[in-house]
Each structure stands twice: as C-alpha cells, then as structure tokens.
Amino acid sequence: MMRKLAREIASRKQAEQLLEQKSLELFQANQKLEVAVAQLEKSSAENIVKLEFQQQIDSLLIYFGQAFLNHHLDDILIGNLVKRIIETPLVDTCHVKLDDNILLNLQKSDYGNNELVKVFSETHWDNQVLHMALIANRKNIGTLSIKVVNENYELDFFQRSFQLIADLLSGAVNRQLIIDTNIESRKKAEKSEQATRDFVAMINHELRTPLNGLLGSSELLQQTPLDNQQTELVNNLSQSGEFLRVIINDLLDFSKINAGMFELIPSNFEFKTLSNTLTSIFEPKATEKSLNFTILISESMPCAFKGDLERITQILVNLIGNAIKFTDSGAITVRFDWSKHTLNFEVEDTGIGISEQAQKKLFQPFTQADRSSKRNFEGTGLGLAICHQLIELMGGSLSLRSELDKGTRFFGHIPLEVLSAEEARPKTEQDNTTNVLPENLSILVVEDIKMNQLIINQMLNKLGITPDIKENGVEALEAIESKEYHLVFMDCRMPVMDGFEATAKMRAAGFEGPILALTASTTLAERELCIESGMNDILTKPYRAEEISNALSKWLIDGFSN
C-alpha cells in the first residue's frame, strides 16, 4: 500500500512539474506572440505611412508634370511645387536653389526654407537632409534640398522618390531654357529679316534713282543733233546703262526672293504684246551677229492671258539673250504652244553648248559655265538662277538639254489663266488716230533730286508741256491751293513730307486729278502703299520718255474726251 501511495505521489509531482513546465512555455509563447503582434502593428502603421507618402509623391509628379508642360515656368509654379513637397508625409521642410546666372524670367532664385541652402554637384545626405543637384543641358543649375522626419525610415526609400522630383524640376528648367532660347533666336531672326528687308528696299531706291538719271540723260542725248563720234559715245553710254540695269535688277530680284519679299503681280495681257516685245528687242541684236532669229507660235495659242507679264518677259529675255550671247553662227529659234492650261516654250540655239558637269549647277546663283579670268562672256551668273526661281514661283518648271559645240535647248512650262482679247485690252486704250495729248496741259512734278527734275522736265518739254516742279510734299500742297493741275507726278520718298503723306493730304483737300507715283521701289508693299495713299498709277524708275507719254495718254486723253 505504501509503495502504491509513493508511486502516486511521485506521479503527481511529475505531473505538476510537467504542468508547470508547459505553463512556462505557454507564458513564454504568449509573450512572443504579444511582441510579434506589436511588431506587426508597428510594421503595418509604417507601411500605411509609406503608402500614403508614395501616393502623395505620385500625385505630385503627375500634377506638376502636366503643369510644367502646359504653363510657362515661373516663380508661382516653383513655389507651389515646394509647398506640395512640404505637405507630403515624412517631409519636414524643403528648399530649391537655382543658379542666378540661369537665363530664366524668374524674380528670385530661392524657394522654401533657405536654412537648407547648400550647393552640391551630386546627390548627398547631410543628416536628415537630402541634397540633390539639378542638372540641365549637362550643367549644374541648382539644388533641391529636402529634410525628412526622423522616424528611422530607410534613406534609400526617400532618395528614390525625391530623385524623381529633382529630375522633373530639372526637365522643366531645361525645357523652359530651350523655349526661351528659341524665342530669342526667333526674335533675332525676325530682326535680321527686317534688317534685310530694309536694306533691300534702301539699296533698291539708292541704285535705281541714279540709274534713272543715267538712262534718262542718254535717251535725251540720243534725240539731239550729234556727230558720228558723239553718237557712238552716247550709244555706248546707253548700252552700258542697260547692262547696269540688268545687273541691278538681277541682284535686287535675287535679294528680294531670298528675303521673302518677292511678289508676283498678275495682270491681263495679250500674247502678241509678249511676242512683239521679244521681236523688237532681239531681231536687231541677232541681225548684228548675222544670226537667224525666229519666233514660231502654235495655232493652239490663246490670244490673251492673266499672269505676271513683266516676269514672263524677264525670263524669256534672259534665255534668248543668253542664246544670242553664246551663239556665233547659226540660228536662235523660239517656239510657243499651249496645252493643259500651260504656256510651253522652247529657246533653241546653235551655240557653244554646256557641258554635263556645268548643267548640274547651272541654276545655282553666281554660277557660270566658265568662271576663269579669261572667259569670253561677262555676267553675274544670276540670270538663270532667277529664271528658275521665278518659274517655280509661278508653279511651272524649267529644264534644258545641251551638247558641247552643237547648241542648247531650254524648255519652260508656266500655268496661266486664259482670257479673251476684250478682257486683256485695257479700258483706257484708244485708237492710235485719237492718241493726241490735249493742249495747255498743267502738270505738277514733285521730285527732290535735281537730276531727276531735269530728266522729267525735258521729257515733258518734248511733248510740249512745261511742268511746275516742287521738291517735297509741303510745296506740292501749297501748289495745288494756288493753281489747278490736270495731273501730278509724285515721287514717293522725299524729305520734309514724302509722297504718300502728300497724296493723302491732297485727296483730303479735294484734289481729284490723277496722281502717278514715281518710285524706285519695286516691292509689292510699296505699290500697295501708293494705291492706299490715293495714287492712281505707278511709274518705276528708271522710266523712259515713252512711258511718260503713255501714262499721260492713259490718264488724260480719256478724261478730256469725256
């Protein structure tokens, strides 16, 4: 019995020891569980804060990414960015420092808490402050500094997010620098273009004005009694003046085309006007070189067109002139036909021809087949380049075929609008039998240059007209108050008061007679200004006596007959 009781006591003690051990283990397990739960709760809270932080950063990047693209970068936009960064969880404060030398239209260079100001060339942690260099165009243009809350978060976690903000701001600064640079470049280009336009307009006037005196004087001299030597000298003077006119026209046209100032001026014209002009110019020159000159016109050719007759004539004069210049024997043949709403022409010669190598760059400016100092033919090398550009402006094309020592053929195609003969004929055109100027015409000439005063005075004298001559617009206004005039020739550019202002004031004062512009400018803008100021027609310097006579006939014969 005693042994049995001892065994029961021993078993009970052993059970109590086991229970005590298990209780201890359970207590320890509970403690571990409580620690694990606490750690889990802490980790969850941290993750929630991190998640909220990341969401705020993503929202910030999206908002300011769009803002930087849609708006000009300014102080308000950068200030708002700094404010949003500071409002982000885990951020204590923030500062942006931009280089003072950045060419941005900003009022300041510091944004946010300037206690964080430091300049670094690379990303750097300084305690709880992350300093990140802002880079634009491979240059350090400032620093973004952000101080984080001391919660023992991993620094790499912050750095990855804040680096995206730094990159976004760097990109915005770089984009604005590019935009500002482009704006500045455009302003410089516009100033340069305007300077070019002003120069072309000025040189146009300054070259044509003395040329008017030169050609006008030679024309008047040719109409006076001269001996053989004097006749030869005057002819040389006239030919040199005409050659100078061609060079000046080529240079000015080329300058205007490249400056974007060139404008086509369409008008109604009869085809016979073009063919008669070419015949009158080149038959004598071909005869002088013992060349056959022929113009062949297809039966399909309409009688009239709408187009820029002056420029079409210039193209053909240039091509035919070159053909005669480079041909010593044989013939020059010009062919015209009409098909598919296009004027087609060929200019064929039997001259020296053009090599294949020279043909490749023949339409380039300042290019000649022979550019050596021993070449036989003079010229600027601009003629064919301008012809090519003019035809392209008209929507056409120009090409050639040539063979050395056998000749050259140029092929041109110009789209034109067909008109009837009645549409092309000017309304003021009169029968030749009635083309006689009335007697006792009272003409006023307003011109400031003495040479040009002398030229137009003598041209009018040969028509039986003694004009009154005034030197500026003020004198012209005084003249019309004291005398009635049938017609006024008005120079455009004069001191004291120019022709545009004078014309406008004359119209306001009630003068209703024709006012014809005398201008050295050939730009469309100046032509439009002439008409807008109240002028009726335009004579371009250098003008001829025939042009003065035709202008008087156009504007006075019809008026007197009515």
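Predicted model: local features only at pLDDT ≥ 70, side-chain atom pairs only at ≥ 80, totals over all residues.

Residues are numbered from 1 along each chain as its sequence is written, and side-chain values use heavy atoms, with hydrogens and water left out.

- Ser290 has a positive phi of about 60°, although it is not a glycine.
- With 64% relative accessibility, Ser290 counts as exposed (exposed means over 50% relative accessible area, buried under 20%, and partly exposed in between, using a 1.4 Å probe and protein chains only).
- His341 also isn't a glycine, and its phi is positive at about 60°.
- You'll find His341 in the loop between S9 and strand S10 (342-349), and His341 is exposed, at a relative accessible area of 63%.
- The peptide bond running from Lys541 to Pro542 is cis, with omega near 0°.
- Pro542 sits in the loop between strand S18 (537-540) and helix H14 (545-561).

**Aromatic rings**

- Searching the whole structure turns up 10 aromatic pairs (rings of Phe, Tyr and Trp, the last by its six-membered ring, pair if their centres lie within 6.5 Å; planes under 30 degrees apart count as stacked, over 60 as edge-to-face and the rest as tilted).
- One of them joins Tyr63 and Phe64 edge-to-face, at 4.9 Å centre to centre with 85° between the planes.
- Is Phe64 buried or exposed? Phe64 counts as buried, at 1% relative accessibility, while Tyr63 counts as partly exposed, at 46%.
- Phe271 and Phe336 have ring centres 5.1 Å apart and planes at 80°, so this pair is edge-to-face.
- Phe271 belongs to helix H5 (residues 271-288) and Phe336 to strand S9 (residues 331-339), so the pair ties together parts that are 65 residues apart in sequence.
- Both Phe271 and Phe336 are buried.
- There's a cluster here too: ring pairs link Phe269, Phe271, Phe305, Phe336 and Trp338.
- Back at Tyr63, the charged end of Arg84 sits over the ring, 5.5 Å from its centre (this requires NZ of Lys or CZ of Arg within 6 Å of the ring centre and within 35 degrees of the ring normal).

**Salt bridges**

- How many salt bridges does a search of the whole structure find? It finds 13 salt bridges, each being a side-chain nitrogen of Lys or Arg within 4 Å of a carboxyl oxygen of Asp or Glu.
- One of them pairs Lys147 with Asp92, with the closest N and O atoms 3.7 Å apart.
- That pair links distant parts of the chain, as Lys147 is in strand S5 (residues 139-148) and Asp92 in strand S1 (residues 91-98), 55 residues apart.
- Lys147 is partly exposed, at 28% relative accessible area, and Asp92 is partly exposed, at 41%.
- Lys97 and Asp110 also meet through their side chains in a salt bridge (3.4 Å, N to O).
- Here the link runs from Lys97 in strand S1 to Asp110 in strand S2 (residues 110-112), 13 residues apart.
- Lys97 is buried, with a relative accessible area of 19%, whereas Asp110 counts as partly exposed, at 29%.
- Glu348 forms a salt bridge with Arg335, where the closest N and O atoms are 2.8 Å apart.
- Glu348 lies in strand S10 and Arg335 in strand S9, 13 residues apart.
- Glu348 is partly exposed, at 24% relative accessible area, and Arg335 is partly exposed, at 28%.

- Met2, Leu5 and Ile9 make a nonpolar surface patch of about 300 Å².
- Patches are made of residues with over 30% relative accessible area and no salt bridge, joining like charges within 9 Å and nonpolar side chains (Val, Leu, Ile, Met, Phe, Trp, Tyr) within 5 Å.
- The areas come from the Shrake-Rupley method with a 1.4 Å probe, and for residues only the protein chains shown count as cover.
- Met2 lies in helix H1 (residues 2-70) and is exposed, at 66% relative accessible area.

Methods: Helix = DSSP H or I, 4+ residues; strand = E, 2+ residues; numbered from the N terminus.
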